[in-house]
Amino acid sequence: MPTSVSQREVLEFGFALPKTTPAQRKRAGRLLALLAESYPDAHCALIYSAAHELLIATILSAQATDASVNKATPGLFARFPTPESFAAATPAQIEPYIRSIGLFRSKARAIHESMRQVVEQFDGQVPRTMHELLTLRGVARKTAGVVLGNAFGINMNVVVDTHVHRLSQRLGLVPKGANVQQAERALMALFPRESWCALSHMLIFHGRAACKARQPSCGGHAVCEEFGSACELRISAPRRTAKAKRTQ
Ligand code: SF4
């Protein structure tokens with residue numbers, strides 16, 4: 001029987017979470033409250049009506065915008081309404097429906113193969129564990145976490161996409177230069193487990209609303225006012241503006 005917290009974490013997640021201080025967790029809690037106040041409607045932007053559809057939409061969203069995925073999936077899901085219908089199709093039959101999305105050939109293969117696995121190995125049901133999801137073709141921790149958190153309400157990780165990765169560094173939640181895996185584990189350690197899925201959506205909403213990769217709008221937002229002191233871009237923004245005015 002595992003006795004320590006670390007042993008239990010290794011058993012459940014496959015790794016021990018990094019240590020955090022009460023002050024770090026308190027700061028994270030305040031940020032979480034402020035994000036929830038600012039983005040009460042934060043949600044998964046991918047449109048789906050069943051777990052296998054979310055799995056497929058998430059596979060399609062790699063290096064593509066959610067909007068481009070949402071444009072393609074209604075036709076795709078109408079033509080192939082079940083995991084069985086995707087499994088019975090060939091990748092070439094799936095391709096025309098997702099041609100507008102980058103890497104469509106390899107994504108068509110991943111969709112076909114993952115749905116074949118769902119049908120043959122999981123009785124047509126998308127599995128509900130991280131371990132099983134990771135056995136599916138084209139599914140890594142990010143996709144598995146999206147499906148578990150949104151389709152099943154199971155918080156097994158914090159999904160770290162490009163927005164979450166950027167913001168977690170800018171807001172001083174993880175060290176500068178932390179990779180995706182380090183950021184995922186640091187966020188899991190800092191924030192209460194029941195918030196993990198929502199946290200990811202709220203950070204993505206803040207990333208889209210204010211903290212864009214290029215030219216973030218650092219002025220005036222409540223989250224930035226209180227937590228932007230860790231953001232080097234915010235500190236330099238007024239100087240950039242002043243210089244820009246002088247050169248006009
Ligand atoms: S202050 Fe600027 S860099 Fe920091 S979170 Fe806000 S928008 Fe992003």
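Predicted model: local features only at pLDDT ≥ 70, side-chain atom pairs only at ≥ 80, totals over all residues.

Trainee: Which elements does the protein chain have, helices or strands?

Mentor: There are 14 helices and 0 strands. Read from the N terminus, the elements go α-α-α-α-α-α-α-α-α-α-α-α-α-α. As for its extent, the C-alpha trace spans about 60 × 60 × 30 Å along its principal axes.

Trainee: Why is α3 called oblique to α4?

Mentor: Look at the angle. Helix α3 (residues 51-60) and helix α4 (residues 66-79) have axes that cross at roughly 135° and come within 10 Å. Roughly perpendicular covers 65 to 115 degrees and roughly antiparallel needs over 145, so α3 ends up oblique to α4. The crossing of α3 and α4 is right-handed, too.

Trainee: Which residues make that contact?

Mentor: From α3 they are Glu-53, Ala-57 and Leu-60, and from α4 they are Val-69, Ala-72, Thr-73 and Phe-77. Sorted by class, the contact of α3 with α4 has 5 nonpolar, 1 polar and 1 charged.

Trainee: And what makes α6 oblique to α7?

Mentor: Helix α6 (residues 91-98) packs on helix α7 (residues 104-121) at an angle of about 125°, with the axes 8 Å apart. That angle falls between the 115 and 145 degree limits, so α6 is oblique to α7. α6 also passes α7 in a right-handed crossing.

Trainee: Which residues of α6 and α7 make the contact?

Mentor: On α6, it's Pro-91, Ile-94, Glu-95 and Ile-98; on α7, it's Phe-104, Arg-105, Lys-107, Ala-108, Arg-109, Ile-111 and His-112. The contact of α6 with α7 divides into 6 nonpolar, 1 polar and 4 charged residues.

Trainee: How do you know where the predictor's confidence stays under 50?

Mentor: Check the pLDDT. The protein chain averages 92, and 94% of the residues score at least 70. Over residues 239-248, though, pLDDT stays under 50, and the model has 0 contacts beyond four places in sequence for them.

Terms used. Residues numbered from 1 in each chain as written. Axes fitted to C-alpha atoms, helices over the stretch in contact; angles between N-to-C directions. Helix = DSSP H or I, 4+ residues; strand = E, 2+ residues; numbered from the N terminus. Parallel < 35°, antiparallel > 145°, perpendicular 65-115°, else oblique. Left-handed = near helix turned anticlockwise from the far one by under 90°. Contact = placed C-beta atoms within 7 Å. Nonpolar A, V, L, I, M, F, W, Y, C, P; charged D, E, K, R; others polar. pLDDT = per-residue confidence, 0-100.
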